[in-house]
Structures are given as C-alpha cells and as structure tokens.
Amino acid sequence: MTPQPDQGGHFGPYGGRYVPEVLMAPIEELAEAYLAARADPAFQSELNELLRTYAGRPTPLYFARRLSETLGGARIWLKREDLLHTGAHKINNCLGQALLARRMGKRRIIAETGAGQHGVATATVCALLGFECVVYMGEEDMRRQRLNVFRMRMLGARVVGVSAGSRTLKDAISEAMRDWVSNVAGTYYLLGSVLGAHPYPMMVRDFQKVIGEEARAQVLAAEGRLPDAIFACVGGGSNAIGIFHAFLPDPSVALIGVEAGGRGAGIGDHAARYRGGAPGVLQGAYSYVLQDEDGQIALTHSVSAGLDYAMIGPEHAWLHDQHRAEYTAASDAEALDAARLLSRTEGIIPALESAHAVAEAAKRAPAAGGKLFLVNVSGRGDKDIDIYRENFKELDQS
Amino acid sequence: MTRIGRLFDCLRRDGRKGLIAYLTAGDPAPERTPALVEALVRGGADLVELGVPFSDPIADGPVIQRAGERALKAGTNMKAVLAIAEEIRGRSEVPLLLFTYLNPVLRYGLDRLARDAAAAGIDGCLLTDASVEEAGDYVAAMHRHGLDTVFLAAPTSTERRMRLVAQYSTGFVYLVSRTGVTGERESLSAAAGPLIRAMRAITDLPLAVGFGISKPEHVAELGRQVEAVVVGSALVRLIERNLDNASLEIQLESFVRELKHGFGVRP
C-alpha cells in the first residue's frame, strides 16, 4: 500500500479538507507547523520525555492468563493504555498537540469530548502548560459522564454544555468548530480523534501510533512472534489506528476494529458505520457516515459515550475498502458482559469503549486455539462506574 | 449567463447596489416559503438565497441553526426545496441561489442536483463547507448545467486562496465580513474593508459582503464599497419571532425595504 495520506490529506478518496473558508488558511498553517515539529528532534524529544515521565509510557503488555483460560482458546495479551495518566490513550495525542500549540504561540485551547476522556486529557495538559482551556460536551454526555465533568473543572477547564441535536459528541464537535471559526487567531483546536480536516487524522494517528510500536516490540520479545489478531474499539478510531499502524506491513496480523452495535440494527440504535453508513462529509472529512436518504446525519446510540459518533475516521474507511482491516460491532449488552468478564478474571475494570474490543476477542477466542490475540485496553472504567451500577443492579444490593 | 450575471450587469448599468436576502427554505414549513420569498422581493430583495437545511450546520449561529431544525422537522429536503424554487420561478424572475452544506448535495448526486436545480429555475449554488480544493467535481457539474458557483472568501484567506476562490467562483464572490458563524452583530467588523480591497485587486467579479449585517447603517456603509450586501440571520429571526403572526409577510417586506433604504435608493 502507498503511504497515506497524500498532500491534501486524502486516504484514497477519504479525508481531505471540508471546512468553511475562514478555517482553511489556519488549517494550512497548522499542517505546516505540525510537519515542521514532526521533523524537529527537539520537539520529539520533549514529547517523548513527557510521555515517559508524565504520562507513564511505555505501558505494559500483559498476558491475560485467567481470561485466556476461562475462554479456552486463544492466548490473549492486553495493551494496558488504561494505566496511563488520566486513564486512557487520549493523553498521548493531547501532549503532542499541546506542545504544538505552544510552538505555534497559541494560549487558548478548545476541545470537544464525548466520554470525557479526551476532555480530561486536554484539561490536564492545559494545566501542565498553563493554557486557558474550554471543553465542549453534549449535555447528554455530561449527564452520563458526570465524574469526568468534575475532573475537568478541578483541572481548571471551563466545560460548556451543548444542547443542540442529540447532545452528544457530534454536537460538541460542531460547537467547538464554531468557537474556532469565531476565535481563530489565538485559539488552538485540540481535536481528540482521527477525524476532521487534514492534518488532524494524520497528526492524531502519528501521536497515537506509539501504542502499536511498543506493542509490536513487546509481543515479539514475549512470544517471539507477531500476534494473529489485534482488537480495538472504534469510535472516531484513534486508539485503533494507534495500535494498528505498526502492524500494517504485516499481512499475517488481522486488524479488527469493533464499532458500537448499540441496542439494535435500526438507524439511530447503534453507531456501527459499516452497518448502514455511506461515504459522506461531516465536520471536515469525507468518510463513512450514518445518514438518511436526504444526507442528514443520523442520530446514533451506544451505551459508551466515546463510541457514540456518526462518522468513522477516514483512514479506517480506507483500510476497510482495502480489506486491510476488518470491522465488526459489539452490542451494548456484549460490551457490558465483557467488562464484567475482564473485571472478574483479571481484576481490570475497562472503560465501556474498550469493553467492546474485549467482547469481540472473547467471542472469537474459544475457536482460536493456538492463536495469539492482542487487545487494546484503551481506557479504564472508573468513569463508567455509574453506568455499570445502573446495569448491574444485583451488585448494588446491601 | 444566469439571472445572477444579468442582475449584476443591470445593477452596474443603473448605478445601483443589490440587496441579497437569505432564508432557510422550509422554515417554518415548505408551503410557507414561496410567500415569504415574494415578500422579500416586494420589499426590494434583488437576489434570494434559499438555505437547504442540514443537520450539522457548523458555519451557522443559533438563529439559522434553529431555522434549520424547524425546516427539517417540517420534512424539508432537497426535493422539497427544488419544488419551492419551481413555484417561486412560476411567478418571479428573482435570481435564486441554493445555500447549503456539501453532504445533502452529495447524497442527492452532483449531476442530478445540477440538472434538477437548473430545471427548477435555480441560478447557482454556494456550499459553505466545500473548500476550493475539494470542489472540482461539484463545480464541473454545476457549470455543465449552466449554474453559477459562488465561493466564500474570509478575512483569514491568504492571497493564494483568494485567487483560487475567484477562479472557482462565477456570478459573484461572497466575502465573509468577519471570522465567525452567521448571526447579527451590532457593528461591522473592521476586517471587511481590507478583504474587499484585496479581492478587488484580484478579480473583476462583482463582490457581495455578508455575515453580521442586520441594519440599514451596515448596508449603507458596505454599499459604498461592494456591489451587493447579504442579510440573513436578521430576516430569519424576524420569521422566528412571527411564526404564527398573520402580518409576517408584511413585516418581512417592510424590514427589507428599510434595509434597502440603507443604499439611499428607493426600491
């Protein structure tokens, strides 16, 4: 496969730049600044130092012995991004972009957040570097992830509730883009996933690909061979692209992205873009998006706020069409079951998002004797305790 | 040449300035739009932008966002907007410009839309989120069917980008008066002047300025510098405040007349 994206940010036909003209020159400036930073050893070394001493990299690759034995089949390894500072892989990207913002002379950072993990990571790096921080969050997500709302405020960020549309991630991104359009001169938009206009999908991937680079070396050291399959959940798809990327040249490694299957197959009941989505333009990029026959973006549902988004990142659309990665979906119920399974067999309470990846691995493991699975545990489940309590009522009896 | 080109020729010949009026088609319901457009024209609107509602309008402020929500709730889609245009065209020669986002257009089909829009009497199209870099197929389809393609230039646009915008635009170039989303403002942005001068040095196309214009004083000031001025959110807000008011059309007509007086010319 040829290296992607091209100069205009296209992964095959996907990606590109679909934003109002007001943002075009700033986004060109961002791309130039990013390419210069990427080539600058001083930038990379400062980032690596922060990843090591502040975020907690490298994260362990852990053999899930009891989980593997319980399922009886594949040997399952877990990439422990949940052990990072702030509790998810999001910090990898936030540190990179915050250093870039400082390099560009921006002092005000805005971000969107769904589950709140990206918002918390953004608020964290803003506290670290002394930036003003505004996080847009759908009111529905504020309700279901209220612990993260408080964490952001404690870190000094202003959390702005968004009441438009479905009051979830999509609406938070729209509101962040409106802020950016209005305050473009001094503001840096710290986008949290491999979405939006070029260079974001490429840049966020670059900041997340450390996950796969570490995992590849770790699994080779531990098992002496490459894994047979890698599982990661896919909302926008930043943790998935992060762990997939180092394995793209290895054709023997199956890359499996797990979307949110939600509560049913109908439009509005899930966020599985390959189950009813079609290529279209949303919030800066061309990719698979759930939409109706008039091109209106569909409402989505997932028990997991971080996967509850109508579009998949453009590089995933490309990997899908090239048949280099395979995409499937786990339902709300399957994710909840998987979260409980991992908690009880390994003592690891995963984020609901990551539980989707665990669910798919658990589904396939029994028939995969002798195979090596690698699951990206992209975040920890502390933020989801309220939702787990609602769903596991029997555990809440005294 | 479309009705848009003929309009600007006519304005130049007569030494007049044009008032461009935006409304969201289908707000509050598709069957109401033709009468609202007629009221705009009676008040003196020289060109009407028909907004096609989109679920995720990233370039719009709250007023036009709410109008889009009302229109979508009333079942407005591209087909309904084309039917509205056809009805207006049966009674008026006012130039009509579709104003929307790319996704509803892609979903309808570029060539199919260009063909159907031309047949419905629409004169051109403006897509707020189609950058010139991504607009090749769209522009080709529109031009194939004789429609104008209007692009936006903004205070942030570099000279290289302004040249591209001018190159891809036909009919006129739409200048965004300030960085921000659509919506009324008390005063005009200082960014408009330099943008107008820079674009003037690049192109002979007529220039229109929009975003944040809501008062006759704004129209007066910009009318001295460009061929046309666009008013959108102020009209949409008037519609919103009078959804069930029988005098809505009369109020709309007199507000447009008042705005047009800003040019110092009686409609």
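Predicted model: local features only at pLDDT ≥ 70, side-chain atom pairs only at ≥ 80, totals over all residues.
Colleague: What counts as a disulfide here, and how many does the structure hold?

Modeller: A disulfide is a pair of cysteine sulfur atoms within 2.5 Å. Over all chains the number of disulfides is zero.

Colleague: Is Cys233(A) buried or exposed?

Modeller: The cut-off for buried is under 20% relative accessible area. Cys233(A) has a relative accessibility of 2%. Cys233(A) therefore counts as buried.

Colleague: What is the relative accessible area of Cys125(B)?

Modeller: Cys125(B) is in chain B and is buried. Its relative accessible area is 1%.

Colleague: Which strands of chain A are the edge strands of the six-stranded open sheet?

Modeller: The sheet is open, its pairing is mixed, and its order is S3-S4-S14-S9-S10-S13 in chain A. From one strand to the next the twist averages 30°. An edge strand pairs on one side only, and in chain A these are strand S3 (61-63) and strand S13 (325-331).

Colleague: Which residue of S14(A) is the bridge partner of Arg75(A)?

Modeller: S4(A) pairs with S14(A) over six bridges, in the parallel sense. The bridge partner of Arg75(A) in S14(A) is Leu372(A).

Colleague: Why is S4(A) described as largely enclosed by the rest of the structure?

Modeller: A residue is buried when its relative accessible area is under 20%. S4(A) has six residues, and the description holds because the number of them that are buried is five.

Colleague: Which helix of chain A packs on the sheet, touching S9, S10, S13 and S14?

Modeller: The strands touched are S9 (229-233), S10 (254-262), S13 and S14 (372-377) of chain A. The direction of the helix makes about 145° with that of S9(A). The helix is H14 (residues 352-364) of chain A.

Colleague: Which residues of strand S7 of chain B point the other way from Val173(B) and Leu175(B)?

Modeller: In a regular strand, side chains alternate between the two faces of the sheet. Strand S7 (residues 173-176) of chain B has Val173(B) and Leu175(B) pointing one way, and these are buried. Pointing the other way, and also buried, are Tyr174(B) and Val176(B).

Colleague: Which residue stands opposite Tyr174(B)?

Modeller: Strand S6 (residues 152-153) of chain B runs parallel to S7(B), and two bridges join them. The residue opposite Tyr174(B) is Leu152(B).

Colleague: What is the volume of the largest pocket?

Modeller: Its lining has 19 residues, and the closest to the centre are Gly165(A), Lys170(A), Ser55(B), Glu69(B) and Leu72(B). Helix H8 (169-182) of chain A and helix H3 (62-73) of chain B each supply at least two lining residues. The volume of the largest pocket is about 340 Å³.

Colleague: What is the volume of the largest cavity?

Modeller: The count is eight cavities of 30 Å³ or more. Of the 27 residues lining the largest cavity, the closest to its centre are His89(A), Lys90(A), Ser238(A), Gly306(A) and Glu353(A). Strand S5 (108-113), helix H5 (117-129) and helix H11 (238-244) of chain A each supply at least two lining residues. The volume of the largest cavity is about 320 Å³.

Technical notes:
Residues numbered from 1 in each chain as written. Chains lettered and ligands numbered in written order. Heavy atoms only, no water. Pairing = 2+ DSSP bridges. Helix = DSSP H or I, 4+ residues; strand = E, 2+ residues; numbered from the N terminus. Axes fitted to C-alpha atoms, helices over the stretch in contact; angles between N-to-C directions. Contact = heavy atoms within 4.5 Å. Buried < 20%, exposed > 50% of the residue type's maximum accessible area, 1.4 Å probe, protein only. 1 Å grid on protein atoms, 1.4 Å probe; cavity = no way out; pocket = protein on both sides within 12 Å on 5 of 7 lines; lining within 4 Å. Points joined across faces, edges and corners; volume = space filled by probe spheres on them.
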